[in-house]
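User: I would like to learn how to read aromatic pairs, cores and sheets in a model. Please take them in turn.

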Amino acid sequence: MESSLLTQPWASVCFGESAFLAKAYFRDTGYILLISDLSSIWYESADAVAVGQRSKELNKRLTVHVSSFLHHLRSLICPLLAGRPDANTSFSCHRFADGLSLHVKSELSGLPFYWDFHCCPAPVEMVSRHLVRPLIWMSLVLQNQVQELTSLLLQKDAEIEDYRESGAALSRDRLWTEPFREETFQQNFMAE
């Protein structure tokens with residue numbers, strides 16, 4: 001399941017006054033959830049057995065199949081991650097020294113539905129795989145794009161200069177631009 005979680009994008013979510021990044025992956029046999037406040041990263045992975053036990057503890061009046069619980073959880077979490085939370089669902093978050101708990105309150109089949117995600121600190125390898133490596137790769141891709149665009153701008157400036165030397169003139173003065181200065185751009189880019 002964790003490899004499937006790699007394909008899921010991070011989403012910005014708020015629980016009360018706290019902002020987090022989160023991503024999740026659900027299927028009929030379990031789920032995995034990853035939450036970060038950019039200081040810490042927590043996760044929970046639960047299989048069908050764990051979901052069944054917790055559903056009996058939290059929802060004594062509901063007797064539905066585990067896959068129905070998982071489908072309902074997916075229908076609550078996925079819209080939240082997409083920026084479209086359900087107005088009838090409430091989320092609250094509590095941090096502990098050894099983890100984070102995300103409490104969900106909703107309805108299922110007209111009855112109250114409760115769920116607690118019990119998240120523990122993510123191992124270093126998981127943090128690296130889901131956050132650090134993708135950020136480093138994205139940074140490298142963006143650096144390559146900046147280099148390609150810089151090269152293209154320098155080529156365009158050379159082309160425009162060639163036209164000017166051949167006697168071409170702008171028909172509208174407002175189209176005139178300063179030649180691209182790579183050093184100035186790099187300094188401003190780093191300063192920003």
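**Aromatic rings, core and sheet**

Analyst: One aromatic cluster is formed by Phe15, Phe20, Trp42 and Phe91. The model is predicted, so local features need pLDDT of at least 70 and side-chain atom pairs pLDDT 80 or more, while totals for chains, interfaces and linings use all residues. Numbering runs from 1 along each chain as its sequence is written, and side-chain values use heavy atoms, with hydrogens and water left out.

User: How many aromatic pairs does the structure hold?

Analyst: Rings of Phe, Tyr and Trp (its six-membered ring) pair if their centres lie within 6.5 Å; planes under 30 degrees apart are stacked, over 60 edge-to-face, and the rest tilted. The structure holds ten such pairs. Tyr31 and Trp115 are edge-to-face, because their ring centres are 6.5 Å apart and their planes stand at 75°. Tyr31 belongs to strand 3 (residues 30–36) and Trp115 to strand 7 (residues 111–121), so this pair ties together parts 84 residues apart in sequence. Strands (E, at least two residues) and helices (H or I, at least four) are DSSP runs numbered from the N terminus.

User: Is Tyr31 buried or exposed?

Analyst: Buried means under 20% relative accessible area, exposed over 50%, and partly exposed in between (1.4 Å probe, protein chains only). Tyr31 has 0% relative accessibility and counts as buried; Trp115, with a relative accessible area of 0%, is buried too.

User: Which residues touch the most other members of the largest nonpolar core?

Analyst: In soluble globular proteins, nonpolar side chains tend to be buried together. A nonpolar core is a set of buried Ala, Val, Leu, Ile, Met, Phe, Trp, Tyr and Cys residues joined through side-chain atoms within 4.5 Å. The largest one has 32 residues, and Tyr31, Ile35 and Phe117 touch the most other members. Helix 3 (66–81) is among the elements that each supply at least two residues, and its eight residues are the most that any gives to this core. A second, separate core of eight residues includes Ile32 and Leu131.

User: In what order do the strands of the sheet run?

Analyst: Two strands pair if DSSP finds at least two bridges between them. Here seven strands form an open, antiparallel sheet in the order 1-2-3-4-7-6-5. Strand 1 and strand 5 are the edges, each pairing on one side only. Strand 6 and strand 7 pair over nine bridges, and Leu102 has Phe117 of strand 7 as its bridge partner.
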